[in-house]
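Visitor: Hi! Could you walk me through this one?
Guide: Happy to, let's bring it up.
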Amino acid sequence: MGSNKITIKAVTVSKKFKDTCVKFDHLLAHYNSAKLTQIRQKLRNELKIYQEQSVLTIAFIGQYSSGKSTIISALTGRRDIQINSDITTQKTTIYDWNGIKLIDTPGLFTEWHDHDEITYAAIAKADLLVFCVTSMLFDSVTVENFKQLAYQKGYRWKMMLVVNKMSDEAGDDQQKIANYSQSLGEAIYPYSLDEFPICFIDAKDYCEGVDQGEDFFVEVSRFQSFIDRLNTFVECRGYLAKFDTPIRIALSCVDETQWIVSRNSNQDSAFLEILTRLSRLVRKERDRLRTNVNMIALRLSSAIVKEGTLIASGALTNVDFERLNQQAELKIRKYYDQVQQELKAVVNAAINSRDKRINEFLDLPLVETFLTCVTQSKKDKLTGVNVRKLDGVNAQINWIKSIGDRGKYLVNNTTTSEELKITEGETSEKVINYDFKPWQDLDIAKIISSMAKFMTTALGRVSDRGETLEMRRELQMADIRRYITSQFQAISQELQNQIKIECLELERQVYGEIEKKIMAAYTQESHAIAASNQSLKHLAEIRHDFEAILNYITQGIENPRV
Ligand SMILES: Nc1nc2c(ncn2[C@@H]2O[C@H](COP(=O)(O)OP(=O)(O)O)[C@@H](O)[C@H]2O)c(=O)[nH]1
Ligand SMILES: [Mg+2]
């Protein structure tokens with residue numbers, strides 16, 4: 001069997017995180033100490049909810065026998081998945097793909113029966129719905145189902161369309177894709193295909209290519225285009241950010257472990273205690289900012305959905321759609337501006353609180369005692385020969401001073417002018433840069449303009465047909481109402497994602513510098529101690545791995561489309 005090389009970034013991150021957690025868990029178990037067993041338990045308990053939630057849930061729905069199970073087999077590399085199962089016996093199955101949930105459903109969901117509740121709940125909760133059809137494209141039932149999910153249920157913002165079994169029909173790929181796109185577009189009229197990510201693949205070719213080691217089949221399967229779409233979806237919506245909290249939880253356990261394990265020297269352990277407490281303090285501050293930002297995002301999101309419901313339920317019959325559209329845009333813009341203001345206020349409060357707490361922390365007897373103590377030990381050692389140790393002492397003193405906001409500790413505790421010089425340059429205040437995505441760059445403008453186009457075409461259709469005008473109009477209006485509601489849902493989701501992505505950037509700006517300092521101090525400290533201790537060396541590696549994942553997801557969020 002060939003190895004399955006293709007994977008999406010969310011899976012890579014998830015796997016790396018899990019592996020590092022396992023390594024860490026082994027290390028903690030290895031010590032056989034009560035305190036570390038406690039940490040181990042804490043790590044397991046706190047990460048449990050994140051494992052259960054899973055970072056990403058992808059549900060596969062669509063035509064019977066369109067290759068949903070085959071696509072899941074292609075993604076996961078698992079070949080024990082039921083292919084060709086009978087629609088009447090098939091149940092919804094959940095596969096774990098390194099922490100990503102893949103939901104294999106029996107097929108279409110045109111009638112919403114109670115006994116399929118599990119599947120409906122899964123569809124409602126999924127982050128992404130992959131709607132699969134074959135190169136036979138939409139039949140009337142499938143297209144109704146597609147519209148129902150997208151517009152009636154309002155899932156269009158999380159839907160993706162996959163045309164599978166591309167190799168079933170002969171011909172040039174580009175030509176086929178153009179033809180299929182046109183037919184699909186006509187089938188979902190008056191809705192537009194542009195609103196959905198779409199890709200054209202042959203999952204079976206891909207599986208065979210992998211299993212037989214035939215790169216040619218892998219290539220023609222176009223499966224990579226599906227992977228690319230998945231990555232874009234995950235990154236644009238900031239799903240990788242979901243790893244942020246669990247990684248930080250794990251890191252805090254690493255901090256505590258290091259502190260406990262290196263109790264061999266009073267001074268090192270005192271310094272580690274300072275680091276651990278400070279890092280805990282910063283984490284709490286960060287959590288508070290995140291909660292506040294989330295609350296703003298939720299408020300905004302529900303306000304916009306409500307707005308959509310209001311507009312849709314209003315008397316639409318003789319409405320000037322152009323004006324209605326302008327009003328919608330104005331209102332959403334107003335919300336957007338308001339949110340920017342609220343975010344600014346929350347960030348300012350966070351900065352003040354951060355500075356206040358850090359200053360309070362530096363006033364604690366713990367820090368004071370430490371400084372007195374190391375200064376004393378430094379004096380003692382000046383007459384001795386332990387030069388390397390002395391470097392360490394200097395580094396620790398300097399580090400604490402560099403944390404002191406506006407050089408507070410520089411004034412109070414400087415012992416030599418040489419130390420003053422080292423820290424002077426670092427006390428300049430960083431200005432937070434509110435670099436929000438400009439309104440024009442949001443996809444909302446696109447959604448709104450497609451709304452105007454839709455309503456005009458939907459209305460235009462009334463006079464095209466011969467049915468009773470009254471009846472037709474009633475139907476068109478229902479279409480339009482559903483459409484408006486779903487568009488507002490999409491906008492609310494888009495904005496929520498935007499805020500989520502911005503939140504991470506804000507956190508980086510508010511806490512990034514202090515966190516980097518803490519991380520660097522930890523690294524330096526652990527290098528110094530690890531030289532003589534194998535376990536601490538492993539711990540340092542584990543810390544490094546967690547930090548690397550954290551950096552990776554932050555980069556992904558900074559350049560989501562790269
Ligand atoms: N030619 C071709 N056949 C496929 C492809 N994907 C699935 N099949 C076949 O279509 C049938 C149904 O596939 P399955 O994955 O069970 O579809 P599901 O009912 O949507 O889960 C099986 O015989 C598969 O081997 C594909 O990309 N190309
Ligand atoms: Mg199946």
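Guide: We can start with the overall chain, then turn to one helix and the aromatic rings.

Visitor: How many helices and strands are there in the protein chain?
Guide: This is a predicted model, and its protein chain has 19 helices and six strands. Of the 562 residues, 51% are buried.

Visitor: Let's zoom in on H6. Which residues are buried in H6?
Guide: Helix H6 covers residues 173-188, and Lys176, Ile177, Tyr180, Leu184 and Ile188 are its buried ones. Looking down the axis of H6, these buried residues fall within an arc of 95°, so they line one face of the helix.

Visitor: Why would residues three or four places apart point the same way?
Guide: Because an α-helix has 3.6 residues a turn.

Visitor: What covers the buried residues of H6?
Guide: The cover includes helix H5 (140-152), strand S5 (159-164) and strand S6 (198-200). On the other side of H6, Gln174, Gln182 and Glu186 are exposed.

Visitor: Switching topic: how many aromatic pairs does a search of the whole structure find?
Guide: It finds 16 aromatic pairs. One aromatic cluster is formed by Phe131, Phe138, Phe146, Tyr151, Tyr191, Phe196 and Tyr483.

Visitor: Nice. Which ring does the charged end of Arg543 sit over?
Guide: The ring of Tyr522, at 4.0 Å from its centre. There is also Lys158, which lies over the face of Tyr155, 4.6 Å from the ring centre.

Notes. Residues are numbered from 1 along each chain as its sequence is written. Chains are lettered from A and ligands numbered from 1 in the order in which they are written. This is a predicted model: local features need pLDDT of at least 70, side-chain atom pairs count only at pLDDT 80 or more; totals for chains, interfaces and linings use all residues. Side-chain values use heavy atoms; hydrogens and water are left out. Helices (H or I, at least four residues) and strands (E, at least two) are DSSP runs, numbered from the N terminus. The expected span of a helix is 1.5 Å times one less than its number of residues. Buried means under 20% relative accessible area, exposed over 50%, partly exposed in between (1.4 Å probe, protein chains only). The arc is that of the directions from the helix axis to the C-beta atoms. Contact means heavy atoms within 4.5 Å. Rings of Phe, Tyr and Trp (its six-membered ring) pair if their centres lie within 6.5 Å; planes under 30 degrees apart count as stacked, over 60 as edge-to-face and the rest as tilted. A charge sits over a ring if NZ of Lys or CZ of Arg is within 6 Å of the ring centre and within 35 degrees of the ring normal.
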